[in-house]
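Open the model in your viewer and keep the selection tool ready.

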Amino acid sequence: MLPLVLYDILSELPGNNWSSNPAKPRFVMSYKGLPFVTLWVEYSEISIAMKAIGAKPNKRSDGSDVYTVPVLSDPNTGVLISDSLEIASYLEKTYPEKPIFPNNSEPLIRAFDSAHFSLIRPALKSLFTRTAEVLSPPNAKFFIKVRSIDVPLPWDAKYDEDWNLLEKGYNTVYEWHQKTDGNWFMGDTFSYADIVVACELLWYKRVLKEDEWVRISSWNGGKWAQILADVEKECKLV
């Protein structure tokens, strides 16, 4: 089997990775034991690089095209696919061993993914502020230009309010988790829902200041740092 190719975003952090969306297919492929390589793309060159390989654009809220990563290229099938959720769906259908949508749960987990993001979205401005800080100056400038189309500037005007909204959102996610009987969101069954939550937490851990990550880690009795650690272990990423 030829290695799959994952396109991810370059940063100035050790190991480069920071973005939650490319992390999701990386976790999925690691969990399923699929061989893959990562090709790193400068944030400011995503459109150029993705057009060059023939990737399809996604749509902004105003209907305009936007090229994003992750993009996955599978040389075994010739498929080139964009969007982390669609990549996960493709990987599940093409490589069904060790399912991430067990018991026909994909429609429910798609709804979970959307609901989870809706709880995080109110705090995006402060998270974007920290994200820009881990990119090179040219990439940070481009990141701010592109992301401010959907999330208007300024990003750091309501920092404390954003953190309160983020904690409130995670209190809700905690309530969801408490309704299960096992370690995972589907009880004793690991699924893509766990990967979704873990990859957002990984983004925070990678871009936030140490004291800010410690703050998140303290919420809900340390639940979020534990979930990230458990999912990384389950996906053989530690």
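Start with isoleucine 227. Beyond its neighbours within four places in sequence, isoleucine 227 is in contact (heavy atoms within 4.5 Å) with His177, Phe185, Val197 and Leu201. Isoleucine 227 sits in helix α10, residues 223–234. Helices here are DSSP runs of H or I with at least four residues, numbered from the N terminus. Its relative accessibility is 6%, so isoleucine 227 counts as buried; buried means under 20% relative accessible area, with a 1.4 Å probe and protein chains only.

A note on the source: this is a predicted model, where local features need pLDDT of at least 70, side-chain atom pairs count only at pLDDT 80 or more, and totals for chains, interfaces and linings use all residues. Residues are numbered from 1 along each chain as its sequence is written, and side-chain values use heavy atoms, leaving out hydrogens and water.

Next, select helix α5 (residues 124–133) and helix α8 (residues 192–207). Their axes, lines fitted to C-alpha atoms over the stretch in contact, are 9 Å apart, at an angle of about 50°. Show Leu124, Leu127, Phe128, Arg130 and Thr131 in α5; they meet Trp203, Tyr204 and Val207 in α8.

Last, go to asparagine 139 in helix α6, residues 137–147. Is asparagine 139 buried or exposed? Asparagine 139 counts as buried, at 4% relative accessibility. Its side chain has a polar atom 3.4 Å from the backbone nitrogen of tyrosine 43. Leaving aside neighbours within four places in sequence, asparagine 139 is in contact with Glu42, Tyr43 and Ser44.

Conventions: Helices (H or I, at least four residues) and strands (E, at least two) are DSSP runs, numbered from the N terminus. Buried means under 20% relative accessible area, exposed over 50%, partly exposed in between (1.4 Å probe, protein chains only). Axes are lines fitted to C-alpha atoms, for helices over the stretch in contact, and angles run from 0 to 180 degrees between N-to-C directions. A polar contact is a pair of N or O atoms within 3.5 Å; within protein, one must be able to donate a hydrogen and the other to accept it, and residues adjacent in sequence count only if both atoms are side-chain atoms.
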